[in-house]
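Open the model in your viewer and keep the selection tool ready.

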Amino acid sequence: MKNLSLSLALVTLAIPAAAEKKPGEVASVEKVEIKGEAKPGGNVVAVVHVKLEKDWHVQSNKPSEPNLIPTELKLSPTPGVKPGAIQYPEGKAEKVVGLAKPLSVYDGDFQVSVLLSLEARAKLPLTIPAMLSYQACRGGSCSPPKRLKFDITLGGGAKPK
C-alpha cells in the first residue's frame, strides 16, 4: 500500500461532513479533514472519518470472500480536481460463528483517505460529491447494502485550526 506523503507543510482543516446520520443508519461520516492548502495547482489529502454504531462491522475494502460486499469510497468526477488512489485501512480479522474463515472487517471508527490534485485552472471553492458504500453486519446477521452520500469541500473561507 502506498504511503501518502507531501513534501510541503500540511495545514489541517476539519470540515463538517454533509452526511447527516439518519435513524437506523449504522455508519456515519463524522467529518472530512483536509490536509494541505487547497489552491490551484496544489495537492491536498481528504481524510474521511467514518463512525460505526457499537457492535456493528462492515466488510473491509478487500473482503475475505469474493461474494462479500466491500466498503468503497467513490468520488464523482469534478472539473478542476483529479483524485489519486484511495487509501483504506487494513481490515481486522473477525471470527463469526458458522463461518470457517475469519472476515476482514472495519469496526468502531476508521478513516479512508484520498490524494486530490487540483488543476492550475481549478476554481475554488470546489465541492466534490462523494459516496461511501458498505454493508453493515452484527455477528452473522447483515442489513441490506447502503450508500452514504456526502460532499468533500475544498477552499472557500475555511480557516486552518
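A salt bridge here is a side-chain nitrogen of Lys or Arg within 4 Å of a carboxyl oxygen of Asp or Glu. This is a predicted model, where local features need pLDDT of at least 70, side-chain atom pairs count only at pLDDT 80 or more, and totals for chains, interfaces and linings use all residues. Residues are numbered from 1 along each chain as its sequence is written, and side-chain values use heavy atoms, with hydrogens and water left out.

**Stop one.** Select K92 and D107. They form a salt bridge, with the closest N and O atoms 2.6 Å apart. K92 lies in strand β7 and D107 in strand β8, so the pair ties together parts 15 residues apart in sequence. Strands are DSSP runs of E, at least two residues long, numbered from the N terminus.

**Stop two.** Select β7 and β8 (residues 103-107). They pair in the antiparallel sense over three bridges. Two strands pair if DSSP finds at least two bridges between them. K92 has V105 as its bridge partner in β8.

**Stop three.** Now show the open sheet of five strands, β7-β8-β4-β11-β12, with antiparallel pairing. β7 (92-94) and β12 (141-142) stand at the edges with a single partner strand each, so one side of each has no neighbour in the sheet.

**Stop four.** Select K51 and D109. Their side chains meet in a salt bridge (3.9 Å, N to O). K51 is in β3 and D109 in β9, 58 residues apart.

**Last view.** Show the whole protein: 13 strands and zero helices.

Methods:
Helices (H or I, at least four residues) and strands (E, at least two) are DSSP runs, numbered from the N terminus.
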